[in-house]
Amino acid sequence: MENKKTASAGPLQEDYAYKYGFETQIESDAVQKGLNEDIIRLISTKKEEPSWMLDYRLKAFRHWQTMKEPQWSGLKYPTIDFQDICYYSAPKKKEGPKSLDELDPELIKTFEKLGIPLGEQKRISGVAVDVVFDSVSVATTHNEELDKVGVVFCSISEAIKTHPDLVKKYLGSIVPYADNFYAALNAAVFTDGSFCYIPKGVRCPIDLSTYFRINAKETGQFERTLLIADEGSYVNYLEGCTAPQRDENQLHAAVVELIALENAEIKYSTVQNWYSGDKEGRGGIYNFVTKRGKCAGKKSKISWTQVESGSSITWKYPSVILQGDESEGSFYSVALTHDMMQADTGTKMIHIGKNTKSTIISKGISVDKSSNAYRGQVKIMPSAENARNYSQCDSMLVGSKSSAHTYPYIDVKNKTAHIEHEATTSRISEDQIFYLQSRGLNMEKSISMLVNGFCKDVFKQLPLEFSVEAVKLIEMKLENSVG
Amino acid sequence: MLEIKDLKAEVDGKEILKGLNLKVNAGEVHAIMGPNGSGKSSLSKVIAGHPSYSVTGGQMLYDINFEPKDISEMDPDERAKEGIFLAFQYPVEVPGVSNFNFLMTSFNSILEHQGSEPLTEEEFRNYLNKKMNIISLRPDFLERGVNSGFSGGEKKKNEILQMAVLAPRLSILDETDSGLDIDALKVVSEGVNKIKSKNNAIVLITHYQRLLDYIKPDFIHVLYQGRIVKTGGPELALELEKNGYDGFLQ
C-alpha cells in the first residue's frame, strides 16, 4: 500500500497507543523468584490448600521437569529462564473476611481506570465480574441473581475449598497436566482464576466475566479457569486482560477448561489486550495459553470467540472435543498483530460423536513487521459418523513487511465426513482506501473501516458491548501503527 | 467554483494531462467528452486526489470559504470534506461494512469538518429516508455491505445516493452511464437532476451523447491528448455523435 504520510512515533503517541500501560503502586506479598518443590509447597500453603491439591501440583511439576518447550510453532523469542520468574505475587490485604468494601482503594482505582467498576453503585449491570490481579483473585462482584438460581461463580482458590468434589472431578480432565509444557507448568504453579458451575437446566441470568491484570514486575501470571455447564444449562462468559507497559517480557500461561454436559451451551468470549511491546519489539507479554472445551453430552455446544490484539507473542488454540452425539463446536477469531508482534493461533476440533458439527472462522490482520499465523486441526475420529466441519481462514495484510500464514491440518478417519475449507489472503488496496477517502474519511479511519468490515463475521458473535469495545480497540491499534 | 489552469499531471511517470484548462461555476453542468485514452478519467481522479497521480504543473483552484485555493496537495478526504465528490466509474466493494454505517460515517465526518455536531443514528436515518426518495434501491440495501455483490447498475445508483446524501458542491461523474441499461440510465439521470441546483456544479465525463439526452449540459468540452481542444454548447455533442471523434479531430 502506498502511503505519503508517515506518522511520528513520539513518546506521547506510544503512551496513547496502550492506555492500559500504567502501573499500580501497591504493596505486594510475593515469594522469591525461582521454581522448585519448595516454592510450590509455599504457594499451596499460602493458599491454604488441601493436600490433594498440593499432590496434584507436585505431580505436574515433576512431569514438567521432564518436558521441553515446544518448538514447532516457529515463534521467535529468547530462551525463557523459568528460574528468573516470580510465581506468586498478591496485593497485601487486611485480615478478615474479603469484601469489596475492604478492598484496597488503589485496586478499586486501578480497575476503574481499566473500565471495570467494582464499587457497589457503579457496577456494570447484567454482568458479574471476577477480577484477578497478578496471582490472586481480588474480588468477585457478588450477585443475588446468581445465588437465586444456584450458579456458583467464584475464584478457583475458593472453589477448591467450597466445592472440592467438582474441582477434583473436573480439574485437569480436559487439559491434563501432561498435555503440553505450559499446561504442566500451569498445573504446578497456578495461583488463581475463576470457577463457575451452572446447575442443571439453569440459563445463567447474567453474563459472567473475568478480568485479568498483570501488575507486578518479573511476575508470571498462571491462572486457571474451570467452567462446568450442567445438563441443559446456558452461560455467556467474557474475559478481558491488560498489563502495564514494561521493557521486560512477562509470561502468562493460563489454562481454561470448559465442560458442557447434555444439552448445555457455553459461549466463551475473550478480548485479549496484553501489552504487546514497543515498536522495536522490546517488552510485552508472552501469552502461552491452553484453552479447551469438551462437549461431553449429547447436543451440547461450545463456542470460542476471541479478539487477540495484544501480547508480543500469542500461542493459543482454543479447542473443542466433540464427544457427545450431535454436539457443536465453534471458533471465531480475530487476531491483529502490529509492530513486531507474533501470533500463532487457531483451534482444534476433535470430532468423536455422531453428527457432530464444527465451524471455524478465523480472520488474521498483520500490520507493520508482524507475523500472524492460523494453525488449526480438524480431526474426524472413526466413531464420528456424519461429522461436518466448515473452516474459513482469511488473512489481511496491511503494508508490505508483514506476513500471514495458514496451516490447516485435516485428519479424517471416517468416510461420511463433510469438510469444507476456504482460505484467502488479501491486501488492502490503494483503490479501496481512495474510495473511502473520497467520501471524507481520513486514511486511518478508512483502513480501520476496511479491517472492521473484514472482521464482521467474528465481531457479530460477541455480546454487543464487547463487540463495540472490540471495534474501538482495533481502530485504536490501527491508528497508532498505520501512518 | 473550480478553475483549472494549465494543469499537467502524470501517472507512473507518464504525462496524462498536458496543460488542461477548465472553469466551472456554481449552477453549471459541464460535459467532458473525448475518445478512449484522452485523459477523461484521469482528470476526474486528479481532481479528487488519487494518490497514483501527481500534479507536475499548473493549478487547480477551488473555492474554499469563498477564496480560491489550490487543492493539488490536499488529501482526498480533505477535498471531499470541502465538497468535492467523485462518482466512480468502477465503485469499490467494501465487504462487511453496511451501506448505512458507511453513509453515516461519511456524512458525519463531513459535518464535523464543517463544525457541526454529528447526527445521531436516528437523526441520520430520518435524513437518509428523505434522500432515498431521490433514487430507488432495494429495501435491504442499507444493511448490505457497500457495493458487495451489487450489480453494475446498483453500484452506479449507490454512487448517486452517496452524492445525494453528502450534498457536494462539485460533483464529477466519471462515466456513470457506462454499463447501464436504458431504465437504469433514466433512474440515475433523474436522480442527478433532482440533486442539481444553482449552488452546486456537475461535471459529466462520458463517451456518449446518450447521457446528455437526460442531463442537459450547459457546456461541452472535447478532451484530446490531455488537453481541452474545443468547448461549446449542447450542439457540440450532436456534432460529435454525427461525425465521431475522428472526423471532428481531423
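**Cavities and a chain contact in a predicted model**

Me: What is the mean pLDDT of chain A, and what share of its residues reach 70 or more?
Reply: This is a predicted model. Chain A has a mean pLDDT of 86, and 87% of its residues reach 70 or more.

Me: Where in chain A is the pLDDT below 50?
Reply: Over residues 1-16 of chain A. Beyond near neighbours in sequence, that stretch has 23 contacts in the model.

Me: OK, cavities. How many of 30 Å³ or more are there?
Reply: A search of the whole structure finds five.

Me: What is the volume of the largest cavity?
Reply: The largest cavity has a volume of about 100 Å³.

Me: Which residues lie nearest its centre?
Reply: Ser362(A), Gly364(A), Asn372(A), Ala373(A) and Tyr374(A) lie nearest the centre of the largest cavity, out of 17 residues that line it.

Me: Which strands supply at least two residues of that lining?
Reply: For the largest cavity, they are strand 17 (328-337), strand 20 (357-366), strand 21 (371-380), strand 22 (388-397) and strand 23 (403-412) of chain A. Strand 20 of chain A gives the largest share, five residues.

Me: How many residues of that lining are nonpolar, polar and charged?
Reply: The lining of the largest cavity has six nonpolar, nine polar and two charged residues.

Me: And the second largest cavity, how much space lies in it?
Reply: About 70 Å³. The second largest cavity is lined by 14 residues, and nearest its centre lie Glu239(A), His252(A), Asn287(A), Val289(A) and Lys291(A).

Me: Which elements give two or more residues there?
Reply: For the second largest cavity these are strand 9 (234-242), strand 12 (265-272) and strand 13 (284-295) of chain A. Strand 13 of chain A gives the most, with three residues.

Me: How does that lining divide into nonpolar, polar and charged?
Reply: The lining of the second largest cavity divides into five nonpolar, four polar and five charged residues.

Me: Change of topic. How many residues does the contact take from chain B and from chain A?
Reply: It takes 34 residues from chain B and 19 residues from chain A.

Me: What area is buried between chain B and chain A?
Reply: About 2100 Å² is buried between the two chains, and carbon and sulfur atoms give 64% of that area.

Me: How many salt bridges does the rule find across the interface of chain B and chain A?
Reply: One.

Me: Which residue forms a salt bridge with Arg439(A)?
Reply: Glu159(B) does, and the closest N and O atoms of the pair are 2.7 Å apart.

Technical notes. Residues are numbered from 1 along each chain as its sequence is written. Chains are lettered from A and ligands numbered from 1 in the order in which they are written. This is a predicted model: local features need pLDDT of at least 70, side-chain atom pairs count only at pLDDT 80 or more; totals for chains, interfaces and linings use all residues. Side-chain values use heavy atoms; hydrogens and water are left out. pLDDT is the predictor's confidence in each residue, from 0 to 100. Contact means heavy atoms within 4.5 Å. On a 1 Å grid over the protein atoms alone, a cavity is a set of points where a 1.4 Å probe fits but cannot get out, and a pocket is an open set with protein on both sides within 12 Å along at least five of seven lines; lining residues have an atom within 4 Å of a point. Grid points are joined across faces, edges and corners, and a volume is the space filled by probe spheres set on the points. Helices (H or I, at least four residues) and strands (E, at least two) are DSSP runs, numbered from the N terminus. Ala, Val, Leu, Ile, Met, Phe, Trp, Tyr, Cys and Pro count as nonpolar, Asp, Glu, Lys and Arg as charged, and the others, Gly among them, as polar. Buried area is the accessible area (1.4 Å probe) that two parts lose on being put together, summed over both. A salt bridge is a side-chain nitrogen of Lys or Arg within 4 Å of a carboxyl oxygen of Asp or Glu.
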